[in-house]
Protein chains: 2
Amino acid sequence: MDCVSDIEYPPSDCVSDIEYPPRYPEELLSRLITEVKDWQTTHGSLLKLVGTENKHTVSSRPIGVSLFPTFFPKEYFGEASNVQTLYNKLYVAISEDPQWLFDVLQDLIQGDHLANALWKIHTQVEHEGVVQDLTLGIFRSDYMLDRSWERGLEIRQVEFNTFSCAGGTHEHTDLQEAGVVVQPHNINICDERPIEYGLREANPPVPTYRVCFGEEVLASTWLTPSKHLLYHPQGKNFPPSEVSVIYMRAGYDAKEYDDYGYQSRLQLERLQAIKCPSVLCHLATFNKVQQALAMPNALFRFLPAREAARVAKTFAPLYPLDSSELGLQARKLACDPAAAKYFVMKPSLEGGGHNVYRSDIPRALERIPRESWHRYILMRLMNPPLLPNVLISPDEVYQGTVLAELGIFGACLWRRSSSVGTRESKKLRNKPELIMNRNAGWSFITKKQDVEEMSLGKGYACFDSPLLEAFPYS
Amino acid sequence: MDCVSDIEYPPSDCVSDIEYPPRYPEELLSRLITEVKDWQTTHGSLLKLVGTENKHTVSSRPIGVSLFPTFFPKEYFGEASNVQTLYNKLYVAISEDPQWLFDVLQDLIQGDHLANALWKIHTQVEHEGVVQDLTLGIFRSDYMLDRSWERGLEIRQVEFNTFSCAGGTHEHTDLQEAGVVVQPHNINICDERPIEYGLREANPPVPTYRVCFGEEVLASTWLTPSKHLLYHPQGKNFPPSEVSVIYMRAGYDAKEYDDYGYQSRLQLERLQAIKCPSVLCHLATFNKVQQALAMPNALFRFLPAREAARVAKTFAPLYPLDSSELGLQARKLACDPAAAKYFVMKPSLEGGGHNVYRSDIPRALERIPRESWHRYILMRLMNPPLLPNVLISPDEVYQGTVLAELGIFGACLWRRSSSVGTRESKKLRNKPELIMNRNAGWSFITKKQDVEEMSLGKGYACFDSPLLEAFPYS
């Protein structure tokens, strides 16, 4: 474990001889921003405005974007891109290793509503007998650059998402029909809808249906005795269609798991259609899993040594806040304001949001009963280069230093091993068959230096493009 | 002239055995409307919301659309499409016949600010010597179906636009660089901007600049001694580009012609760049011209008899409100509430807006000094079939009967005759050389039966598609 003195940072402000971004006269800058806003309005680069949707209309406005690309050296972009198929392989293996997942998540499964609901669905479906041995994964691994005295610049993973990954350009599948399960009143339809349009406009077209998680899933679908999913696009008095793939963009929030939510997720999990992703793969997105993988030797269960080393190189320093020896050390750091300023405390569950940053951590822990501390993990914050740009958010034009986060998308399709549940080997236990495994694009977002959360929906972060050149900074 | 008893209408409600549009359950209808709204939001089928634009953001919402296509029999669509190249030819001839235009518009030129400004610019540029003999025209001819006892169903032109035609899909030109002259704060950028994007994305790309009419034209352009137009995209300290085509989407409102507006239109008119369109062609869009063309034998000045007959067949009954014999008869109709209910009174100037309908006409004339009545024309209102549809406007979901208006776009490029100003023949006076003359697409809009104005911007009208089949109605 890093001791705190190790993580004193080098200065992260970049000093440059070149003028970047170019400094335009106020009038030209304003004209350029008008060009951007109009392009976004005519090309669906928008967010719906909360509370403006009624039966016949809805208002929207441009999503945050940067005016210029932000420097991101090509070698680090390449490193993140190249390791993605290994990450896919790793998370596929995890998703087919319920024993390991249970061991890692058991405290959460016992104490947390979402983890408990998902695990119960998993066990019930296993008990009934799994009827579909294929699973589809669309993952996104998020990275930041990290500068330290001893190691210089590195790229480090801040999050791995296996569920409902937003912000990317998804590609066509060669499947027959798809059901997209969504949240009602989502303001980010410009990210979701193009997936449907892409599928419908594919050659041959993939008929695609959009259904709200919960009541609507239950009201508009029907499970045949052979567990085929029938969906009634026009209501139950009209002929149904069989759905072959279910793509989940809902069901990640504990609040969604009321009775209807639970029953609808169970309904979707138990059927023939290919899930994107399965409940087990969903469980693998929890922060606790990311932290458990960062423990010494944890990766060897899933990957050969050489591959494990490549993956581990991108890990951020991550610690449990449980009562293990390492957990107790981490608790000390978290309670000490001088140490805590280098950390973010994340719930063990979700992929994003609800984080507590820096000096807020000791105070937050005071309000949390000690027996619940294990529901959080501690991650060392990155020390990324601070780079200049202009951000156009729904709230302002910001000219100043920004932080960048690179997301690499992965797409994979796998068949669970027929030996699932038996123990062939202790180290490389399950070997799901990877039918497709590839890098599937990227996203790149930047935010103002002084905002902690990287949220596009809240207007804190902006879509950007990486300028793949070495930093021109001294 | 029709006497009033001739224009008693047959009932225009259509009774059908088929159910159109299909009657969906409320829930399915609502889902369909959500699909439409989301498609519009992701595809730039929007209007900016007035007053929401600031430096960094702007709100917008879907433009009005119909949920289903509206019946429009194929033969009438074909008739309107086929006559477009003749209309192009006619308006090109008018645009190169300043003497005829002056004769028709002289009262307006003397008394009206806009007509006067345009004519002054025309005479000044003629005096200086015209340096560009090519002109580009993008026209739109608007039609409605008209049912009468004696003639059954016919298609009739309600308006002809030569200037700043909106609502269409414009195609690429093979020209070098273009300047698009626009109004500031236009909410309908989703109609304007795609023209620029189309030009920029053409192969080879056509660099396109967007400049506001008035001050910005004067501040950012420069006329060389040889009358080439130089535009400084980045301000006058940066190298300029030469502009070869000017496409006007501003300068049609009298209010725009303050000193800056006048000077900027003069600047644009006098230079080498090809104008789309010229000031003379702009004058040809006035309603007074449409009415003058409807006078007996008027067309023979511009078209051979056979072509004139085809064009005249689509004319609506149009009358002057001046002190000519016909004008005096029309004044009687306009002042008689029983007769006026079949008419619309239009200003002699503009292509659209400011119309007075039916029983409002006598009252409106009471407030207008008699010596100004000649500034209006009288047009018999159409009696179109009332067809069923569902309209989704920014204000409501309307289920009921609608009226349709078909717009046919024409595109033409012509060279003015070297014999301009001489009189070769009394009847076919000017023969500009038509280098390109074609039909350039269509627009189709519908509105609620009880709304008079056909305005998309105000939310009264909706984009629609013609269902090109015979009416299934008895």
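**Interface of chains A and B in a predicted model**

**View 1. Polar contacts between chain B and chain A.** In this predicted model, 22 residue pairs, both at pLDDT 80 or more, are in polar contact between chain B and chain A. On the chain B side, at least two residues touching chain A come from each of helix 1 (26-43), strand 1 (46-48), strand 2 (60-62) and helix 6 (189-200). Helix 1 of chain B gives the largest share of that side, 12 residues. By class, the residues of chain B that touch chain A are 16 nonpolar, 12 polar and 15 charged.

**View 2. Salt bridges across the interface of chain B and chain A.** The rule finds 14 salt bridges across this interface. One of the side-chain pairs that meet in a salt bridge is B:Glu35 with A:Arg193, at 3.1 Å from N to O.

**View 3. Extent of the contact between chain B and chain A.** Chain A supplies 43 residues to the contact, and chain B supplies 43 residues. Between them the two chains bury about 3,700 Å², with 48% of this area on carbon and sulfur atoms.

**View 4. Relation of chain B to chain A.** Chain B is superposed on chain A by a rotation of 180° with 0.0 Å of shift along its axis, and the RMSD is 0.0 Å. The two copies are therefore related as by a two-fold rotation axis. Of the interface residues of chain B, 100% are also interface residues in chain A, so the copies meet through the same surface.

Conventions:
Residues numbered from 1 in each chain as written. Chains lettered and ligands numbered in written order. Predicted model: local features only at pLDDT ≥ 70, side-chain atom pairs only at ≥ 80, totals over all residues. Heavy atoms only, no water. Contact = heavy atoms within 4.5 Å. Buried area = accessible area lost by both parts, 1.4 Å probe. Salt bridge = Lys/Arg side-chain N within 4 Å of Asp/Glu carboxyl O. Polar contact = N/O pair within 3.5 Å; in protein donor to acceptor, adjacent residues only side chain to side chain. Helix = DSSP H or I, 4+ residues; strand = E, 2+ residues; numbered from the N terminus. Nonpolar A, V, L, I, M, F, W, Y, C, P; charged D, E, K, R; others polar. Least-squares fit on C-alpha atoms with pLDDT ≥ 70 in both.
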